Structures are given as C-alpha cells and as structure tokens.
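Subject: Handing over a structure

Hi,

Here is the structure I promised to pass on to you.

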Amino acid sequence: MRRFLTWLLAGTGAIVLTLLVFCPAAWMAPLVESQSGGRLTLGDAQGTLWRGSAFIGGAPSGSDPVTPLLPGRFAWRLSPMVLLGQVDVDLENPEALSQPVKITGDWYQWQVSPAAVSLPAERLAGLGAPLNTIQPSGQMRLSWTPLQVARQGNAVEMAGTMTLVMNDIASRLSPVKPLGAYQLIMDWRGRQAQLTLTTIKGPMLLSGNGRLTNGRLQFSGKAQAEEGQEERLANLLNLLGQRRREGDKDVIALEFK
C-alpha cells in the first residue's frame with residue numbers, strides 16, 4: 001500500500017510538473033479577459049506560459065473574431081521563479097512599444113519599467129460602444145514613468161504618472177479633419193487617478209479635470225470651437241454635451257459623473 005501511494009504521488013507530481021512546464025499560452029486569455037472586465041483578450045496565443053507571444057485584442061462577442069487593438073505581437077518571458085513568489089517578466093513588441101518592458105516583484109506588488117506604447121485610434125472601435133459609433137482616427141501614444149503596482153484583495157493600487165498624447169484626432173461624425181491634438185495626464189495614487197485634459201492645437205478645443213476611481217470616471221470639462229470654426233463643428237459639439245454660455249462664447253459642458 002505504501003509503495004502504491006508513493007507511485008501515485010510521484011505520478012501526480014509528474015503530471016503537475018508537465019502541465020506547468022508546457023502550460024499553453026492560450027490559457028492566459030481567460031485571465032486577461034477577467035482582469036479587464038471582458039474588454040480585452042489575447043489573440044492567436046502561441047508558445048507557453050513561460051515563453052510565448054500573442055496580439056492584444058478586444059474580447060470577442062459571440063462568434064465574432066478577435067480584433068487586434070495594438071500593432072504587432074507581444075512576446076513575453078516569465079521566470080519559473082514565480083512559483084516561489086518572485087515575479088520577473090520581460091515584455092517586447094517592437095511595433096508598439098518604444099522599448100522592452102520589465103516587470104519585477106512578487107505575487108502582490110510589481111514594479112513596471114518606463115516605456116511608451118503606440119495605438120492607432122481607429123482600433124479603439126474594437127472596444128465597442130460608444131467608440132464604434134464615433135469611429136475615431138489618428139495616432140495615440142501612451143507613456144508612463146516607473147510604475148508601482150500592488151494588489152489589495154480584488155483591487156489594484158498604482159503609483160506613477162501616465163501621459164496620453166492624441167495627434168490628428170478625427171471622427172466620421174465630423175467633416176473637419178483633423179479635429180485637433182490633445183494631452184491627457186493621469187496621476188495615479190492608489191486606486192485613484194487625477195485626470196487633466198488639455199488641447200495642444202485645435203480647431204476643436206477640449207479641456208477639463210477629473211478622476212478615475214476603481215474604474216469609475218468623474219470628469220468636468222468643456223469643448224468649444226476655435227474662432228471661425230463654430231459653424232463647421234456645431235453638429236459634433238451638440239452631440240458631446242449640453243451647451244452653456246461663458247462670457248461671450250458658447251461652450252459645450254463635458255460632464256461625466
């Protein structure tokens with residue numbers, strides 16, 4: 001009986017070890033979907049949990065195919081030391097990332113090295129409403145300082161600054177192309193990020209401040225047309241919010257609560 005139990009434990013251990021070593025990368029897709037609230041997934045995942053690659057896409061709806069959101073494929077290398085509580089990940093994508101990203105830490109907190117990721121605004125339509133109606137176009141670049149990320153129960157806390165620069169932004173809802181270039185700064189402190197939106201250049205001027213708390217957006221700002229562009233932008237501005245008077249100008253209130 002003792003010999004039988006010994007062989008049973010050895011056989012079980014061998015099976016578990018084999019699963020860990022050859023765990024397919026595709027098994028990570030449900031985890032990405034769960035952590036992103038069903039908005040993101042991994043497409044065409046190849047390799048294993050320890051060394052693999054995939055593209056990042058919008059989570060499919062029904063039988064719809066996975067739509068890539070970022071150019072290129074992300075390749076990763078995960079150290080087996082994660083089984084002992086030490087996280088060490090290298091992430092590369094020459095087409096999207098300005099440089100490889102290093103993630104280190106343990107099971108509960110991580111340090112993310114600074115980098116930037118480029119995103120064609122057209123691919124945001126893959127995230128669904130309302131972006132699939134607005135049909136944005138242009139170039140976006142999200143950069144970040146060194147980030148400190150920690151998991152507290154089911155919540156995630158972060159410290160660091162992210163900057164989203166949006167150039168030559170346009171929409172199929174407006175004949176004015178481009179609408180302008182904009183910058184959104186996200187100052188992360190714990191579970192909350194303070195937001196500051198400014199316009200780099202028009203003709204549609206956007207500004208405002210707000211915060212993002214546990215995925216909930218609160219924002220107060222305004223949109224207005226550059227002088228001489230009021231008539232051409234009137235229809236689009238009316239879709240963005242309620243019109244109000246500030247001094248001798250009409251502006252659109254951008255309110256999200």
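Which residue in β7 does threonine 104 stand opposite? Threonine 104 faces glutamine 111 there.

Before going on, a word on where this comes from. The model is predicted, so local features need pLDDT of at least 70 and side-chain atom pairs count only at pLDDT 80 or more, while totals for chains, interfaces and linings use all residues. Residues are numbered from 1 along each chain as its sequence is written, and side-chain values use heavy atoms, with hydrogens and water left out.

**The hairpin and its partner**

β6 and β7 form a hairpin, with two residues between them. Strands here are DSSP runs (E, at least two residues), numbered from the N terminus. The two run antiparallel and are joined by three bridges; strands pair if DSSP finds at least two bridges between them. β7 also pairs with strand β10 (residues 147–152), in the antiparallel sense and over four bridges. In that pairing, valine 112 stands opposite leucine 147.

The side chains of β7 (residues 109–112) alternate. Buried means under 20% relative accessible area, exposed over 50%, and partly exposed in between (1.4 Å probe, protein chains only).

**Aspartate 106**

This residue belongs to strand β6 (residues 101–106). Is aspartate 106 buried or partly exposed? With a relative accessible area of 27%, aspartate 106 is partly exposed. A polar atom of its side chain lies 2.8 Å from the backbone nitrogen of tyrosine 108, and one lies 2.9 Å from the backbone nitrogen of glutamine 109. Leaving aside neighbours within four places in sequence, aspartate 106 is in contact (heavy atoms within 4.5 Å) with Gly85 and Val87. Aspartate 106 and alanine 150 are 44 residues apart in sequence, and their C-alpha atoms are 9.5 Å apart in space.

**The cores**

A nonpolar core is a set of buried Ala, Val, Leu, Ile, Met, Phe, Trp, Tyr and Cys residues joined through side-chain atoms within 4.5 Å. The largest one has 45 residues, of which Met140, Trp144, Met166, Tyr182, Met186 and Met204 touch the most other members. Strand β11 (residues 155–171) gives the most to this core, with five residues. Apart from it lies another core, of five residues, including Ala25 and Trp76.

Key:
Polar contact = N/O pair within 3.5 Å; in protein donor to acceptor, adjacent residues only side chain to side chain.
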